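The following exercises concern the structure shown below. Each task is followed by a solution in steps.

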Amino acid sequence: MSRTIAPDAKAMLDTRGLYDGPTIHSMNPLLLMEKIIRERIIDSMYWKEQAWGLNAATLLDRAVDLQYIGGQYANQKPTAFICLVLKMLQLNPEREILLEYLQDEDFKYLRALAAFYIRLAWPAAEVYKTLEPLMADYRKLRLRTQAGFKLTFVDEFIDDLLTKERVCDIALPRMPTRAQLEDMDELEPRESLVSDVEEDSDEEVGEEGEVGED
């Protein structure tokens, strides 16, 4: 008699509601995704064939092969991107590993994957401190949706993670705004890019004036 082995993520979802493993935001990490999306992921072919047995090391091999971001497409099929997000929630990678993913300049979808996980899992102030520098990354990203593919950019994706309630069909944990965190002294005020540009322009004008006087 053959026995069907359920995908390993189900082992973290005890039917009695019991869980004694590592937590994120004081809860079972897998519960950060809505039940219906979790079930679609666990039942998907990508999860069963590509993501089931991954660990923190082998997940990298799958992540660098990503060709787009997104949540669900076609008839609500989960993308490889969102499948790997669930796998990361299951694995709960160490901070150093996530920062290596995030700082990798060669694989922009690996960076996007790490950023999404950090937004789900880390405290609010750490999310801002870690993700805001990526607003200077203007590379293109392909976003797959129910309607097909569309173009976005890394900086826009990061801005969505910091400002929107739902990204890639996933409801993000509630997070204070940057202004609120500044008021609570958890963040330093963010320097204005406009003022930096104005200062650079003033310096250039001054240098040009000096040259003209000679």
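**Exercise 1.** State the accessible surface of the protein and the share that belongs to carbon and sulfur atoms.

*Solution.* In this predicted model, the accessible surface comes to about 12800 Å². Carbon and sulfur atoms hold 49% of that surface. As for cover, buried residues, those under 20% relative accessible area, make up 40% of the 214 residues.

**Exercise 2.** Describe the secondary structure and the contacts in the protein that have a separation of 6 or more.

*Solution.* The protein has 10 helices and 7 strands. Of the contacts with a separation of 6 or more, 64% are made by residues 24 or more positions apart.

**Exercise 3.** Determine the strand order of the sheet formed by 3 strands, and explain which strands stand at its edges.

*Solution.* The order is S1-S4-S5, in an open sheet with mixed pairing. Strand S1 (69-70) and strand S5 (148-153) each have a single partner strand, so both stand at the edges and one side of each is left without a neighbour in the sheet. Next, consider the pairing of S4 (residues 140-145) with S5: the two run antiparallel and are joined by 6 bridges. Leucine 143 stands opposite lysine 150 in S5. Finally, helix H6 (residues 108-121) lies across S1 and S4, and runs at about 60° to S4.

**Exercise 4.** Decide whether helix H8 is mostly covered or mostly uncovered, and list its buried residues.

*Solution.* The buried residues are Val154, Asp155, Phe157, Ile158, Asp160, Leu161 and Leu162.

Methods. Residues are numbered from 1 along each chain as its sequence is written. This is a predicted model: local features need pLDDT of at least 70, side-chain atom pairs count only at pLDDT 80 or more; totals for chains, interfaces and linings use all residues. Side-chain values use heavy atoms; hydrogens and water are left out. Buried means under 20% relative accessible area, exposed over 50%, partly exposed in between (1.4 Å probe, protein chains only). Helices (H or I, at least four residues) and strands (E, at least two) are DSSP runs, numbered from the N terminus. Contact means heavy atoms within 4.5 Å. Accessible areas come from the Shrake-Rupley method with a 1.4 Å probe; for residues, only the protein chains shown count as cover. Two strands pair if DSSP finds at least two bridges between them. Axes are lines fitted to C-alpha atoms, for helices over the stretch in contact, and angles run from 0 to 180 degrees between N-to-C directions.
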